Amino acid sequence: MEKENSLSPSINESIIATNKSVKESNEAIMANANRQIEILESQTNLYRNTLLLIGVNLIIGFGILVLAFISYSDKQEIATLNVQLRSREDEIRTLQLQQKHKQKTTDSLTTVIAGEKK
C-alpha cells in the first residue's frame with residue numbers, strides 16, 4: 001500500500017503536467033487558428049480589392065472605348081459635312097458662272113440690237 005501511496009503523488013504530478021501540456025498545446029492551436037483566420041480575412045480583403053480594381057479598370061476601359069467610338073463618329077460626320085460643303089460650294093460656283101455667262105450673253109445681244117437700230 002505504501003508503494004501505491006508513493007506512486008499516487010507522482011501519477012498526480014504526471015497527470016497535472018500532461019494537462020498543462022495539453023492546455024498549452026490547445027492554446028497554441030487556438031492561437032494558430034486565430035492567426036490563420038486573420039490571414040484568410042486579409043486574403044479575402046485582398047481578393048475583394050483586386051476584383052474591385054479590375055471592375056473599375058473595366059468600367060474605365062469601356063468608357064474610353066465609348067469615347068473613342070463617339071470621337072470617331074464625330075470625325076466621320078465632320079468629314080461627310082466637309083464633302084457636302086465642298087459640293088455645295090461647287091454648285092454655287094457653277095451657278096455663279098452660269099449667271100455671269102447669261103449676263104454676258106444678254107449684254108452682247110443688247111449691244112448687237114442697239115448697233116442694228118443705229
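Modeller: R35 is partly exposed, with a relative accessible area of 46%, where buried means under 20% relative accessible area, exposed means over 50%, and partly exposed lies in between, judged with a 1.4 Å probe and protein chains only. This is a predicted model, in which local features need pLDDT of at least 70 and side-chain atom pairs count only at pLDDT 80 or more, while totals for chains, interfaces and linings use all residues. Residues are numbered from 1 along each chain as its sequence is written, and side-chain values use heavy atoms, with hydrogens and water left out.

The partner of R35 is E38, and the closest N and O atoms of this salt bridge are 3.3 Å apart; the term requires a side-chain nitrogen of Lys or Arg within 4 Å of a carboxyl oxygen of Asp or Glu. E38 is partly exposed as well, at 42% relative accessible area. Both R35 and E38 belong to helix 1, where they sit three residues apart, about one turn of the helix. Helices are DSSP runs of H or I with at least four residues, strands are runs of E with at least two, and both are numbered from the N terminus.

By the salt-bridge rule the count comes to two, and the other pair is D90 with R93, whose side chains meet at 3.0 Å, N to O.

Buried residues make up 0% of the 118 residues.
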